[in-house]
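Trainee: I have the sequence and the model open. Can we go through the assignments and test each one against its criterion?

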Amino acid sequence: MAKFSDIYAYDKSAAEEGVWSPVSGSIKVKVRSFDSAHTRALRKKLNEPYAALLRLGKEIPEDDQNEIFKKLISQSSLLDWNLTEGTGEIGADGKEVERKIPFSADTAEKFFDEEPQFLRDVIAVLTSNETFKKRAREADAKNS
């Protein structure tokens, strides 16, 4: 029988500072928890224009909710990535030379719009119980 603490041990500092996690293939992203203090503060700021609507018990329109959600992830929960792109040059090994794509919130939003599966993959990492689990993080540290 599994102990409760083994299943739900949450690494609070990793959740606030971010952790690297694989999303697909060799792509890794650095994410901070969707319920981190930084993300909660940004959510409050992004919801301010809708305060009157919310006070009336109405919901934020779905399209606006989707935009807020993308901004929360790109501007707060997603911190970095290891994405590369081809340069068009061929290296000495006969393969295309790649360069790192610098992370920015604007680039992340652009990629989310162009490749919705990338957004879904990042969301899957953010919502996985394993991403910020203390036991898994401690095991990773011992193995590195």
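This is a predicted model: local features need pLDDT of at least 70, side-chain atom pairs count only at pLDDT 80 or more; totals for chains, interfaces and linings use all residues.

Trainee: What makes β1 and β2 a pair?

Mentor: Five bridges join them, against a threshold of at least two, so the pair stands. They too run antiparallel. Pro22 stands opposite Lys28 in β2, and Ser24 stands opposite Ile27 in β2. This hairpin has two residues between the strands, and Gly25 takes a positive phi near 55 degrees.

Trainee: Why is the sheet of β1, β2 and β3 called open?

Mentor: Three strands form it, in the order β1-β2-β3, with antiparallel pairing. β1 and β3 are at the edges, and each has a single partner strand, so one side of each lacks a neighbour in the sheet. Neighbouring strands are turned by 35 degrees against each other on average, direction ignored. α5 packs on this sheet and touches β2 and β3. The direction of α5 makes about 65 degrees with that of β3.

Trainee: Which residues of α5 are buried, and what do they pack against?

Mentor: The buried ones are Ile68, Lys70, Leu72, Ile73, Ser74, Ser76 and Ser77. They pack against β2, α3 (37-47), β3, α6 and α7.

Trainee: How do you know that the length of α7 fits a helix?

Mentor: α7 covers residues 116-127, which is 12 residues. At 1.5 Å a residue it should span 16 Å. The C-alpha atoms at its ends are 16 Å apart, so expectation and model agree.

Trainee: Which residues of α7 are buried?

Mentor: Phe118, Leu119, Asp121, Val122, Val125 and Leu126. Their arc around the axis is only 160 degrees, so they lie on the same side of α7.

Trainee: Why does such a spacing put residues on one side?

Mentor: An α-helix has 3.6 residues a turn, so residues three or four places apart point the same way. The cover over the buried residues of α7 includes β1 (19-24), β2 (27-31), α5 (62-77), β3 (78-81) and α6 (105-114).

Trainee: Why is Lys133 called buried?

Mentor: The cut-off is under 20% relative accessible area, and Lys133 has 6%, so it is buried. Lys133 is placed in the loop between α7 and α8 (134-143).

Trainee: What makes the pair of Lys133 and Glu130 a polar contact?

Mentor: The limit is within 3.5 Å, and their side chains meet at 3.1 Å, so the pair qualifies on distance.

Trainee: Ser33 is in a loop as well. Which loop is that, and why is Ser33 called buried?

Mentor: Ser33 lies between β2 and α3. Its relative accessibility is 5%, under the 20% cut-off, so Ser33 counts as buried. The side chain of Ser33 makes a polar contact with the side chain of Asp35, at 2.3 Å.

Trainee: What does Ser33 touch beyond its neighbours within four places in sequence?

Mentor: Ser33 is in contact with Tyr10, Ala15, Thr39, Ser77 and Phe132. Ser77 is one of the buried residues of α5.

Definitions and conventions:
Residues are numbered from 1 along each chain as its sequence is written. Side-chain values use heavy atoms; hydrogens and water are left out. Helices (H or I, at least four residues) and strands (E, at least two) are DSSP runs, numbered from the N terminus. The expected span of a helix is 1.5 Å times one less than its number of residues. Buried means under 20% relative accessible area, exposed over 50%, partly exposed in between (1.4 Å probe, protein chains only). The arc is that of the directions from the helix axis to the C-beta atoms. Contact means heavy atoms within 4.5 Å. A polar contact is a pair of N or O atoms within 3.5 Å; within protein, one must be able to donate a hydrogen and the other to accept it, and residues adjacent in sequence count only if both atoms are side-chain atoms. Axes are lines fitted to C-alpha atoms, for helices over the stretch in contact, and angles run from 0 to 180 degrees between N-to-C directions.
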